Amino acid sequence: FVDINPNGNPSNTTYAIRISSAGWGPKYVQSNGSIGASVVYQTDSDWGTTAVTGLSANTQYTFDVKAKNAVGLVSDYSTASSKYTLASPPELTSVNIATTSAALQWADTGATQYAIERSSGDAPGLWSPIIQWIDGLTASTFTDTGLSEDTKYYYRIKSYNGDGKINDTPSNQLSDITIPKPAIELKGVAMSTHSIMWSWTD
């Protein structure tokens, strides 16, 4: 969204919003929020809070604004402001479970970093972050360790953009159950010529 600060100008002052990004030169926000080559002037009221469309995920865009008065005199451009669009949610592709660990893999969607959330139990309830921005995860694989045996775990991934802002829309979720510990102290007692009673410790 782009919101203009009129800086004390009269209500009939009109404004043009310029946008640029790496790979292409300056263009202009159109009255419908799309991007085009034509300069479009509107009042602050007409612009409102404009949702700019047609942008690419996790891409930095720079905006600045110029003003025009009632007789057509145009100001310099304002101070520029740059922001990244949100990164696309990834697709969690696999969760490979061991006794006390889970190896996760997801499709790289061009995020700057990734966050991982985990839940456990018969159904996913409270999701807890196990990897956040501060951890600096840029790869599309991760092994979660220190898990409990024979427990069902759920995982989902979120993406960060270049500004460190997280996309709250998560990936799909996948789950699996960790492998139980093997039985110990297996003992057998002959009960007859044809049977043995076995016992063990969980």
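Which side chain does the side chain of Asp 144 join in a polar contact of 2.7 Å? I began with this question and kept the entries below in the order in which I looked things up. The model is a predicted one.

**Entry 1: Asp 144**

I found the partner to be Tyr 155, whose side chain is joined to that of Asp 144 by the polar contact. I then located Asp 144 in the chain: the residue belongs to strand S13, which covers residues 141-145.

**Entry 2**

Three strands make an open sheet in the order S9-S10-S13, and their pairing is antiparallel. Strand S9 (91-97) and S13 are the edge strands, and each of them pairs on one side only. From one strand to the next, the twist averages 20 degrees. I then examined the pairing of S13 with strand S10, which spans residues 101-107. The two run antiparallel and are joined by 5 bridges. For one position I noted the partner: Ala 103 has Thr 143 in S13 as its bridge partner.

**Entry 3: the sheet of four strands**

I turned to another open sheet, in which 4 strands follow the order S12-S11-S14-S15 with antiparallel pairing. Which strands stand at its edges? They are strand S12 (128-131) and strand S15 (174-177). Each has a single partner strand, so one side of each is left without a neighbour in the sheet. Neighbouring strands here are turned by 35 degrees against each other on average, direction ignored.

I followed strand S11, residues 113-120, to its partners. With S12 it pairs in the antiparallel sense over 3 bridges, and I noted that Glu 117 stands opposite Pro 129 in S12. With S14, S11 is joined by 8 bridges, and these two strands also run antiparallel. Gln 113 has Tyr 160 in S14 as its bridge partner. I then asked how many residues of S11 are buried. The count is 6 of the 8, so the strand is largely enclosed by the rest of the structure.

**Entry 4: two residues with positive phi**

For Asn 58 the phi is about 45 degrees, and for Asp 150 it is about 50 degrees. I placed Asn 58 in the loop between strand S6 (49-50) and S7. Asp 150 lies in the loop between S13 and strand S14 (152-160). I then looked up how accessible each of them is. Asn 58 is buried, with a relative accessible area of 14%, whereas Asp 150 counts as exposed at 51% relative accessibility.

**Entry 5: Asn 9**

I looked next at Asn 9, in the loop between S1 and S2. At 35% relative accessibility, the residue counts as partly exposed. Not counting residues up to four places away in sequence, Asn 9 touches Tyr 15 and Ala 67. The side chains of Asn 9 and Tyr 15 are joined by a polar contact of 3.3 Å. I also noted that a polar atom of the Asn 9 side chain lies 3.1 Å from the backbone oxygen of Pro 6. As a further distance I took Asn 9 to Asn 32, 23 residues apart along the chain: their C-alpha atoms are separated by 23 Å.

**Entry 6: the largest pocket**

Which strand gives the most to the lining? It is S7, with 6 residues. At least two lining residues come from each of strand S1 (2-3), strand S2 (14-21), strand S7 (60-68) and strand S8 (81-84).

Methods. Residues are numbered from 1 along each chain as its sequence is written. This is a predicted model: local features need pLDDT of at least 70, side-chain atom pairs count only at pLDDT 80 or more; totals for chains, interfaces and linings use all residues. Side-chain values use heavy atoms; hydrogens and water are left out. A polar contact is a pair of N or O atoms within 3.5 Å; within protein, one must be able to donate a hydrogen and the other to accept it, and residues adjacent in sequence count only if both atoms are side-chain atoms. Two strands pair if DSSP finds at least two bridges between them. Axes are lines fitted to C-alpha atoms, for helices over the stretch in contact, and angles run from 0 to 180 degrees between N-to-C directions. Buried means under 20% relative accessible area, exposed over 50%, partly exposed in between (1.4 Å probe, protein chains only). Contact means heavy atoms within 4.5 Å.
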